[in-house]
Amino acid sequence: MQIPIENIYYLLCYAWNSLEEKGRVSVSIDDKTTLLDLFAKVLINGIKQLLKRGIDRNYVSETAEISGVKGKLELAQTLKSNLLLQQKTICTFDEFSANILPNQILVSTILRLLKTQNLDNVLKHELRNLQRRFVEIEPIELHHAIFKNVNFHRNSLIYNFLMNVCEIIYDSTLPAEQESKFTFSDFTRDDARMNRLFENFVRNFYAIEQKEFSIVKRENIEWNFKNVSEESLKYLPQMQTDITLENEEQKIIIDAKFYRETMTLHYDKEKIKSANLYQLFSYLLNQESDGFKTALKTKSATGILLYPTIEEEYDLQFAYHEHNIYIRTVNLNAHWRDIAARLQKIISF
């Protein structure tokens, strides 16, 4: 399945919950734009926006050899280095600096892109110019845990957006055979990553764009087994929906699945993937409640299996007791307005 580059950018911005930043960090996209060039353009334009408002600074603990005393005197290190005769000391002190983790990630990502094969030369030139604006910032070795250590405040939406861009660049660039070089790996060919992206996109799209349901979330569902011992309970797998939409009167559970083929073939006949249907069916049955306020809503909850369109659209419908179950598809190759309209239609009964 070939998804247009512009639509990939939309999916990512919804998945990152960064629509405001998408409008602010505009990029030109044409048929010749590759994913690698797209990410480089987004990073470049985002950093330019960041420089206009000013990069963040904070107090950073630093230990250094200085004349006199500043902050905490490191006496043992000072004596060991015989610095007192030179009227110098080793001290630890706080310095107000731009050399903080988010800026270090930005610089390290710029350097990583400059070493990535097949990046557009014009973009490389722009990245080098940006690198010169960060001379006081030290690059660091990137790894997955480093991105989880970044703390954001309310005014850091642009940083949050750029950290997501940096992380996807890190995830998509692998060491090349040539030393100190990287090669770009197209993550759209990785079904597991695309499944996570599709699910996060759909959930955040509904959280942002629809107004009928006040609750949009992932929901943990308890198994409706009776008289089960604590020892047995701990072996049960967790049930968690991809998307639950809920208001005072209605509940919809959506299972978003990204596959290269929407249906499976059985004796040359198309069939719904049984595991997907069993999973959704289990969600619907186990979320049922006997509570006075919730029984009507949970016992008539709707289930939707949502797939990207491969070759044709599917609009299938089934019912079990009061539960309606729908099989729906959305064409990610369509114009963005059509994708948005289709998603709104899917939850309009």
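Author: Strand 14 and strand 15 make a hairpin with 2 residues between them, and in that turn H321 has a positive phi of about 50°. The model is predicted, so local features need pLDDT of at least 70 and side-chain atom pairs count only at pLDDT 80 or more, while totals for chains, interfaces and linings use all residues. Residues are numbered from 1 along each chain as its sequence is written, and side-chain values use heavy atoms, with hydrogens and water left out.

Helices (H or I, at least four residues) and strands (E, at least two) are DSSP runs, numbered from the N terminus.

For another strand, look at N220 in strand 7, residues 220–221. N220 is partly exposed, with a relative accessible area of 45%; buried means under 20%, exposed over 50%, and partly exposed in between, with a 1.4 Å probe and protein chains only. Leaving out residues up to four places away in sequence, N220 touches Q238, M239 and Q240, where contact means heavy atoms within 4.5 Å. The C-alpha atoms of N220 and D290 are separated by 17 Å, and these residues lie 70 residues apart along the chain.

Now a helix: N164 is found in helix 8, residues 157–172. N164 is buried, at a relative accessible area of 18%. With residues up to four places away in sequence not counted, N164 touches W16 and S18.

Stepping back to the protein chain, 46% of its 349 residues count as buried. Among its contacts with a separation of 6 or more, 65% come from residues 24 or more positions apart. Its C-alpha trace spans about 90 × 55 × 40 Å along the principal axes. The radius of gyration is 26 Å, whereas a compact globule of 349 residues would have one near 20 Å; this radius is taken over C-alpha atoms, and the globule rule is 2.2 Å times the number of residues to the power 0.38.

Terms used
Two strands pair if DSSP finds at least two bridges between them.
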